[in-house]
Amino acid sequence: MAMKDSASRSTADSARPGASAPGGRLADKLASARMQNFVGRQEEILLFRGALDGAPGTPMVIVVHGPGGIGKSALLQRYAAEARATGRPVVTVDMRTIYPSPSAFTEAAGEVFRQDDAVLLVDSFERCRGIEEWVRDTFLPGLPSGVLVVLAGRLPPDPLWRADLGWSELMEVLPLKELGPAEAAALLAVQGADPARHTPLLDFAGGNPLALRLAAEVAGHDSADDVVWTPSRTVIEQLLSLLVGELPSPAHRRALEVCGHALDTTEDLLRAVLPDEDVPELFAWLRQLPFVRSGRFGVYPHDVIRDALDSDFRWRDPAQYKAMHRAVRRHLVERIRNAADEEALRATGAYNYIISRASWIRRFHGGRDESGAYEDTVRPEETAALVRMARETEGDASARAVAHWLERQPAAFRAHRRYSTGELLGFMAWLRVEELDDRTREADPVTAEAWDAVCAMAPPRQGEHLGLARFMVHPEAHHLPSRAWDLVHMRIVYELLRAKHCAWSCVVIDRPGFWEPLMTYMDMFRPSGRDPRAAGGRGLFCHDWRAVGVDEWAEGIDARLLSGPPGKPADEPRPAVPPLTREEFDVAVRDALRNWLDPDALATSPLLRCHMVTRREDATPVAVLQELLDKAVQRLETTPRTRPLHPVLTMTFRSSATQEAVARRLNMAFSTYRRHLARAVDDVRERLWLWETRGETPD
């Protein structure tokens with residue numbers, strides 16, 4: 001239906017003597033309240049005022065689009081008030097109340113044909129998709145030339161508007177974005193929200209006006225004794241109902257749940273999580289949703305909708321939520337391990353994002369309103385700047401250590417820069433430590449102390465190393481949550497998931513009491529018996545990858561994702577027996593190959609206590625060991641270099657024939673046979689050692 005505003009009445013009627021005072025009408029009081037509570041949108045208002053005045057270059061048609069709850073209807077109401085203030089008649093059409101047909105639209109907006117200077121405001125224009133061509137090509141061209149039109153809907157206009165040279169001159173498209181931080185805070189103030197609750201309200205609602213108003217209203221009824229405000233189920237359900245609405249099918253719901261959980265959603269991610277669905281159709285549907293944006297690396301929803309979707313799914317169906325999360329996580333971990341460096345680093349950022357979805361973890365990450373930062377290599381001319389930054393932030397001892405490692409391991413350092421300017425914000429280093437000499441002990445006592453701590457528990461074996469997150473120097477937010485500090489988290493996880501032969505990982509960090517819940521969540525513990533005054537009072541957090549491998553570590557994080565903040569610090573793992581040294585491991589592999597087909601003999605193999613065997617619970621240890629031996633031997637056939645070695649090894653250890661007899665059967669000189677056998681055994685040893693020390697599960 002069409003509602004003709006009070007300003008739509010003729011000027012003669014409104015000016016005649018004895019006319020009722022405008023303030024006596026409820027509609028006028030509503031309009032006044034809306035004006036007082038309206039916040040932001042100054043650029044949009046200035047454009048509309050210019051169009052009202054007929055300023056040169058201003059449009060005759062304004063198309064406003066944005067997701068539900070972003071403030072389109074409120075802006076139309078403000079436009080109506082602005083038009084009334086100039087004395088222009090206003091006709092409003094709400095497409096939610098009429099059938100989207102040419103006849104119904106013409107009837108609802110017919111008043112504009114009788115007013116040369118009317119302002120036509122159409123809300124919910126996305127419902128006009130079926131008649132949009134008619135509106136563009138027939139209805140609007142028939143209006144008087146003085147009419148100003150505003151079309152507001154969730155979807156952007158059809159591209160054919162832009163393709164028409166006439167409309168490209170007469171039309172302005174306004175994508176309505178979220179309110180900025182200052183405007184969002186002003187809206188909360190207008191709503192009467194307690195200033196002490198502004199931060200959690202803004203963290204939840206971002207700049208979405210509807211979410212801000214709903215959250216402020218509910219928070220006003222909550223107990224002021226609540227330590228931290230979180231959105232109630234009522235707020236989340238109302239948001240999803242108003243902003244998302246009904247979904248076409250369960251498959252579309254599952255695709256939207258993935259999109260709400262992942263940092264960016266692509267077809268390959270949907271295919272990994274929903275292998276039995278029509279992924280191209282689902283992805284195309286996601287792309288056209290008004291609250292979903294398209295970025296460089298996929299599609300993603302507005303923050304408030306993303307958070308509402310994820311929170312609702314986690315509450316509604318924890319088991320399915322965890323299954324979806326696990327599928328996304330496995331896809332990302334596979335990319336981290338196997339993709340090129342840049343792609344793997346992006347996947348690490350996406351992985352860090354999904355394991356940080358619990359609300360309590362957000363306090364350890366930078367805020368949404370902070371300027372962005374990115375990781376970069378350290379330029380040769382910046383080494384002096386890094387040393388100087390360390391001295392000014394942490395003192396002379398830190399500067400000496402930075403200078404030492406810049407000389408020893410320059411590639412270990414990563415610079416953190418501000419997106420907008422490229423300014424150096426800070427840096428970190430991921431050190432690979434295999435042994436310490438006296439010079440390093442003197443130059444960096446902190447690293448020496450970390451090395452001594454892990455060696456006291458379970459020393460790295462030959463070929464293994466300690467991975468150490470060191471320095472993390474950020475003058476503006478030193479060892480405090482920030483967007484630059486998020487890059488530290490990303491680099492640490494990247495190094496852990498791509499490391500080969502990493503026995504221990506350690507993080508040396510200031511304010512250990514603050515960071516301990518996050519370190520516990522990441523399954524890192526503080527070694528017992530450590531002097532708290534050591535390393536300048538910094539906290540040392542460790543993880544033994546031989547006790548808990550990568551897959552088990554990731555599964556543990558998945559389990560903790562739904563359980564809330566850790567109740568106590570992580571316990572130091574106590575292996576029942578010391579891990580095998582590399583020499584012991586190699587001997588055990590050779591013996592196991594000799595007993596390959598004899599389960600009773602394999603039952604005494606030292607390899608049974610290796611983590612690659614003990615982490616499997618779906619079969620007996622001997623069966624697991626036989627399977628691992630089979631897979632390692634089969635890998636010989638996968639490359640031309642090792643393919644000739646496969647029959648040498650299998651015929652040697654799967655028969656009772658002597659080595660001389662095997663060489664004759666292979667038509668091979670005995671010296672050549674022995675050389676091939678040694679190479680084959682070495683390859684199997686190396687493959688099994690990789691699986692043991694890297695924590696991988698072989699295919």
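Modeller: Here are some questions and answers about the cavities in this predicted model.

Biologist: How many cavities of 30 Å³ or more does the structure hold?

Modeller: Let's set the cut-off at 30 Å³ or more and go through what the structure holds. With that cut-off, the number of cavities is four.

Biologist: Which element gives the largest share of the lining of the largest cavity?

Modeller: That cavity has about 230 Å³ of space, and 20 residues line it. Elements giving two or more residues to the lining are α23 (483–498), β13 (502–509) and α24 (512–521). The largest share is six residues, and it comes from α23.

Biologist: Now the second largest cavity: how many charged residues does its lining have?

Modeller: This one has a volume of about 90 Å³. Its lining is made of 14 residues, with Phe125, Glu132, Leu155, Pro156 and Pro157 closest to the centre. Sorted by class, the lining of the second largest cavity has nine nonpolar residues, one polar and, for charged, four.

Biologist: Which element gives the largest share of the lining of the second largest cavity?

Modeller: Two or more residues come from each of β2 (61–65) and β5 (148–153). The largest share, three residues, belongs to β5.

How values were computed. Residues are numbered from 1 along each chain as its sequence is written. This is a predicted model: local features need pLDDT of at least 70, side-chain atom pairs count only at pLDDT 80 or more; totals for chains, interfaces and linings use all residues. Side-chain values use heavy atoms; hydrogens and water are left out. On a 1 Å grid over the protein atoms alone, a cavity is a set of points where a 1.4 Å probe fits but cannot get out, and a pocket is an open set with protein on both sides within 12 Å along at least five of seven lines; lining residues have an atom within 4 Å of a point. Grid points are joined across faces, edges and corners, and a volume is the space filled by probe spheres set on the points. Helices (H or I, at least four residues) and strands (E, at least two) are DSSP runs, numbered from the N terminus. Ala, Val, Leu, Ile, Met, Phe, Trp, Tyr, Cys and Pro count as nonpolar, Asp, Glu, Lys and Arg as charged, and the others, Gly among them, as polar.
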